[in-house]
Every structure is written in structure tokens, then in C-alpha cells.
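A reader who meets a new protein model may wish to learn how its features are read. The dialogue below takes up that task.

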Amino acid sequence: MNKVKLKLNLPNRITLSRILVIPVYMVLMYYGTKWTIISAGILFIAASITDSIDGYIARKNNMVTDLGKFLDPLADKLLVLTAVIILLGQGRINSVPVVVITGRELIVMSLRTMAALKNRVLAADVYGKIKTIAQLIAISAMHFEQVMASFIIFTPLVNALFFFSVVMTVLSGINYVGKNLDVISE
């Protein structure tokens, strides 16, 4: 029996770390105390920052790999979907945006899978990047609402950020499908 040995470069290790922190994040959010939620928020922010770091290192050092192209968007989606599902379970957000975000991600992943079967790679575009950044900022801020509640403007600002991220989720999804209709029609 042949053993497959997976060699991970630094950007792929960073991306993988983003996936591996998700269970820790889940445990912290499960306990739901003010301090575990803040800790989860700090972990979420740290994981979110690695999204920029791994891509920068990969492009700068010519270390872009097919594994990285697969893992990076998967890590983003797992992190965001985990957070919004937990926030939904805690009653902190409504189910409609969770369905919208989940639906968009399933559609995009399906398109990417169809393209991969045809030996094509569908890269993220600027709208997808704006969507991801908006989601990460809004979700990050939600972890600090209990602490920042004394600032009257904070919760409406967080709600506006989250609303913007959901709007960008829809717009980027429409744009992505529109740009890649040929994958479906082939």
C-alpha cells in the first residue's frame, strides 16, 4: 500500500490552520459567556487575517498551488458558515441571511466543481473579495457587541455592516454566476 505524503508549503499551512481553529472557535462560542465570545472573536479575527497573509505569501513567493486554490476559499466558507450558524443558534441573527449566505456559497462551490471537472479554475473576483471582507468584519464585530453595548452607535453599525455583507453576498453571487454561465451551458 502506497502512502501518500502531502507536502504543504507555508501558505497552505496557514490556510489549513484557519480550518483547524474552527473546532476551538466552536467550543468557545458554545460556552457563550462574555469572555468566551470575546476570545472566539479574537480567534475569528486572527483566522480572518490569515486569509490575506497566506495569499500574499503565495503570490509573492510564487507558491500558488492547486491545493491552495482549493483550500483557501473552502477555509473562508467554513469559517463564515460556522460563525453565522452559531450566531443563528444563539438568536443573534435572523435565519434569512444565513440561508442567503449558505445558498450563495453552495452555488459558487457547485460552479467551481463543474469547472474543475472541465479542467478550469474559476478565480474569485473583486466582488467576491469585497463580500468576504465585509462578512469577516461584520461577524468579527458581532463578537464584541456585549462589551461595546454602552456605545449606542455600535449595534446599529454592526447591523449595517452585516446587512451590507449580505447585500454583497447576493450581488457577488449574481455576478459570479453571470460571468461563468458558460460552465453551466457547456
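Predicted model: local features only at pLDDT ≥ 70, side-chain atom pairs only at ≥ 80, totals over all residues.

Q: Which residues touch the most other members of the largest nonpolar core?

A: The largest nonpolar core has 26 residues, and Val84 and Phe162 are the ones that touch the most other members. At least two residues of this core come from each of helices H2 (22-31), H3 (34-60), H4 (66-89), H5 (95-117), H6 (126-142) and H8 (154-179). H4 gives the most, with seven residues.

Q: Which residues does phenylalanine 162 touch, not counting residues up to four places away in sequence?

A: With those residues set aside, phenylalanine 162 touches Val84, Ile93, Pro97, Ile101, Ala138 and Met142. Another core lies apart from the largest one; it has six residues, including Val108, Leu111, Ala115 and Leu122.

Q: Is serine 165 buried or exposed?

A: A residue counts as buried when its relative accessible area is under 20%. Serine 165 has 0% relative accessibility and is therefore buried. Serine 165 is found in helix H8. Leaving aside neighbours within four places in sequence, serine 165 is in contact with Lys131, Ala134, Gln135 and Ala138.

Q: How many salt bridges does the structure hold?

A: Side chains of opposite charge can pair when their charged atoms come close. The structure holds 10 salt bridges. In one of them, arginine 18 is paired with aspartate 51, and the closest N and O atoms are 3.4 Å apart. Arginine 18 belongs to helix H1 (residues 10-20) and aspartate 51 to helix H3, so this pair ties together parts that are 33 residues apart in sequence.

Q: Which other residue forms a salt bridge with arginine 18?

A: Aspartate 76 forms a salt bridge with arginine 18, with 3.2 Å between the closest N and O atoms. Because aspartate 76 lies in helix H4 and arginine 18 in helix H1, the pair ties together parts that are 58 residues apart in sequence. Arginine 18 is buried, at a relative accessible area of 1%, and aspartate 51 is buried at 17%. Aspartate 76 is buried as well. A network of salt bridges links Arg18, Asp51, Asp54, Asp72 and Asp76.

Q: Where do aspartate 182 and arginine 120 lie?

A: These two side chains meet in a salt bridge of 2.8 Å, N to O. Aspartate 182 lies in helix H9 (residues 181-185) and arginine 120 in the loop between H5 and H6, so the pair ties together parts that are 62 residues apart in sequence. Aspartate 182 is partly exposed at 31% relative accessibility, and arginine 120 is partly exposed at 27%.

Notes: Residues numbered from 1 in each chain as written. Heavy atoms only, no water. Core = buried A, V, L, I, M, F, W, Y, C linked by side-chain atoms within 4.5 Å. Buried < 20%, exposed > 50% of the residue type's maximum accessible area, 1.4 Å probe, protein only. Helix = DSSP H or I, 4+ residues; strand = E, 2+ residues; numbered from the N terminus. Contact = heavy atoms within 4.5 Å. Salt bridge = Lys/Arg side-chain N within 4 Å of Asp/Glu carboxyl O.
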